[in-house]
Amino acid sequence: MAYIKNISRRHFVASLGLVGGGLLLGCDPTTYSSEASDEPLTYFDPNLFVQLSSDGKVTIVASRSEMGQGVRTSLTATIADEMDADWDLVSVKQAPGDKSYGNQNTDGSRSIRTRFMPMRKMGASARFMLIAAAAKMWKVDASECHTEKHHVIHSSGKKVFYGDLADKGMVLDVPEDVKLKDPSEFNYIGKGLKSIDIHDFVSGKATYGIDVRVPEMKVAAIARCPVTFGSVKSFDKTAALQVTGVEQVIEIPRVETPMGALGGIAVIATNTWAAEKGKAALVIEWDEGENKGFTSTEYLEEIYTNIKNTAKVNNEKGDVEQAFKSADQVLERKFTTHLLAHAPMEVPNAVAWVKEDGSCEIWAPSQAPQGARSEVANFLGIGEEKVTVNVTLLGGGFGRKAKHDFVVEAAAVSKAIKAPVQVVWSREDDIQHSYYHSCSAQFLKASLDKAGKVTGWLHQTAFPSIASTFSPGEKYGAKWEVGQGAGNIRYEIENTKSENGAAPAPVRIGWMRSVHHTNHTFASNIFADEIAHKLGKDPLAHRLELIGSDRVENAKNPYAYNSKRLKNVLEIAAKNAQWGRELPQGHGMGLAVEYCFNSYVASVVEVAVADGKVKVVKAFMAIDCGLVVNPDTVKAQMEGSAVFGTSIALHGKLTAKDGAIEQSNFHDYKVARTNEAPEVQVEIVESQAPPGGVGEPGSPITAPAIFNAVFDATNKRFYSFPLSDHSLV
């Protein structure tokens, strides 16, 4: 047998020739320094997020987590722009989990939405102080000075480099209020910047959670009960301890906090391979608990029945029942969707080190480090100030890494073995023990008058709620959950109602990219398309008719729904797709549209059906997300959303039998491969409206657009994803 060389991912990336060689050129900061010096650097820290050193380098703190969405670049650019900093002299430093940085939860497509103005003010205050320092040095009035690319310039023409002001800014008061730039003065915002992390990404220098190494660190793999919330009856560790590299086998407890650990048997070893081999050798008898009867097929029928028997009104306008009674036609339809896993490429993992002094240091790919800090402190029974959470880069998150059961597990093992330890989930662990995206059963009903106008719209839904994670036993969705695509009907229909039926949670339910829009937007867009065909109308024209007149609802809200913006993105996507053009034999085109996470999105998808199999050819997407900080990031997010949504459309389905998830890895829980991913064209609407969400809005419109396109190509309508369930993949 040939020698097998242990090649790390780092070595592999480097071997591709991406390290050095001039692929990516950096700058030489000394070029900008006014004079070379061996003197120690001095630093100017105008606020928690900005540091200027006397060599001119600006370090900006990123308080949000980077999982490929480009937030470290976008937020950094926002500060740098207001500061008039030279982008080549700017670097980014990741903040640990700490309340001083405000809410660090990187979810809900809200980083730019909530941080855009605060970050601008951080940069502007730094610029204001640098001007004040220069004016004081020159003995001139600050109003006579302005800034350009890392310099303060006086009206006389003299100028000073930012780095030479580092020691002068320290004595100035931080301004309470500053004037922000006019958007016409932006240098980086809206212009397009490459990722500040791109060099590290492609050179293998980037540190993800799974790359962390601590001296004397052990590795642990954990066996968990196949049924959620089951427990250990007994176990035999004899065979596991015989695996070379395995050092200990211990039981860790279930932690009954919202993001606590499931508990199980931990195998501690010198390396991951030995830990996994040891886990496989364990003999465990489980008490499967009360969820052992959960079978997903029966569950969906059960909660669909609950819609009819237990539904609560979520939102209501007009009189839907009267609209149905007086209708010329009534159309109704049942939809079902399945449990989904996030399946990020980097599996959950964390390093924990519970030290002799009782403190704990964590390294983790966390979307919400403050939550991780709190969970670990709670488990260890210590104050949060004794827990340090270092945030690494994330190899994908999609909401999974905002739940910190894997971090608590690492703390539990480290405490037990009195050593630093890395807990690494296998792909099978991630698929079979996750916080799942909710399944759903839905019923939609519409009334039509003689003119073909929709007069009534009922959207009933039942799904295990995320609220059940925080309030065990909760059977109903929160109002905001129903509101995502079902409760807030965006069509101009006189009579509407949304209702929510009871659905107990047999597994752990969490948020996943687009959250409940994934299910509700799927059903409502297919149903609207079906109505159009029922009436013999063009789906595009009919959808614009449903959205209705130009109007703004709740106008005092800066994110008030604006029907004109929704119609605009739909028309743009349709125009780019050349909606109505003659298609090749076997091709079809479908559309979907949504107001989602404060952004307006639309997609027109073309599919090809040959030999009974669907190929998603191209997605034409349009987004109006208000003011755009980094167009490249927005485009990338929409492209990623299209692939994410295509995965759901083609393959998105987890099933459970006797309480256990039946799928285990990418062979039976597939994501769209390169040959299945569509070509994606994105158009971003120019706008000065407040920034909306970007990471999530594009995903939920993709699956219904694909399904509507399949109908256009085949004249067959399907009401549940994935298409693989209908033998079309």
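**Exercise 1. Charge placement.** Determine how far apart the mean positions of the positive and negative charges of the protein are.

*Solution.* The protein has 78 positive and 87 negative charges, and their mean positions are 2 Å apart. In this count Lys and Arg are positive and Asp and Glu negative, while His and the chain ends are not counted; each charge is placed at NZ of Lys, CZ of Arg, CG of Asp or CD of Glu. The structure is a predicted model, in which local features need pLDDT of at least 70 and side-chain atom pairs count only at pLDDT 80 or more, whereas totals for chains, interfaces and linings use all residues. Residues are numbered from 1 along each chain as its sequence is written, and side-chain values use heavy atoms, with hydrogens and water left out.

**Exercise 2. Overall dimensions.** Decide whether the radius of gyration of the protein agrees or disagrees with that of a compact globule.

*Solution.* First, the globule rule, 2.2 Å times the number of residues to the power 0.38, is applied to a radius taken over C-alpha atoms. For 729 residues a compact globule would have a radius near 27 Å, and the protein, with 28 Å, agrees with this. Next, the C-alpha atoms fill a box of roughly 85 × 70 × 50 Å along the principal axes. Finally, 59% of the 729 residues count as buried, the term meaning under 20% relative accessible area with a 1.4 Å probe and protein chains only.

**Exercise 3. Contacts across the chain.** Find the share of contacts with a separation of 6 or more that comes from residues 24 or more positions apart.

*Solution.* With contact taken as heavy atoms within 4.5 Å, residues 24 or more positions apart account for 77% of those contacts in the protein.

**Exercise 4. Aromatic pairs around Phe-522.** Classify the ring pairs that Phe-522 forms with Phe-335 and with Phe-707.

*Solution.* Rings of Phe, Tyr and Trp (its six-membered ring) pair if their centres lie within 6.5 Å; planes under 30 degrees apart are stacked, over 60 edge-to-face and the rest tilted. The whole structure holds 14 aromatic pairs. The centres of Phe-335 and Phe-522 are 6.4 Å apart with planes at 85 degrees, so this pair is edge-to-face. It joins strand 14 (residues 329-337), which holds Phe-335, to helix 14 (residues 517-535), which holds Phe-522, across 187 residues. Ring pairs link Phe-335, Phe-522, Phe-707, Tyr-719 and Phe-721 into a cluster.

Definitions and conventions:
Buried < 20%, exposed > 50% of the residue type's maximum accessible area, 1.4 Å probe, protein only. Helix = DSSP H or I, 4+ residues; strand = E, 2+ residues; numbered from the N terminus.
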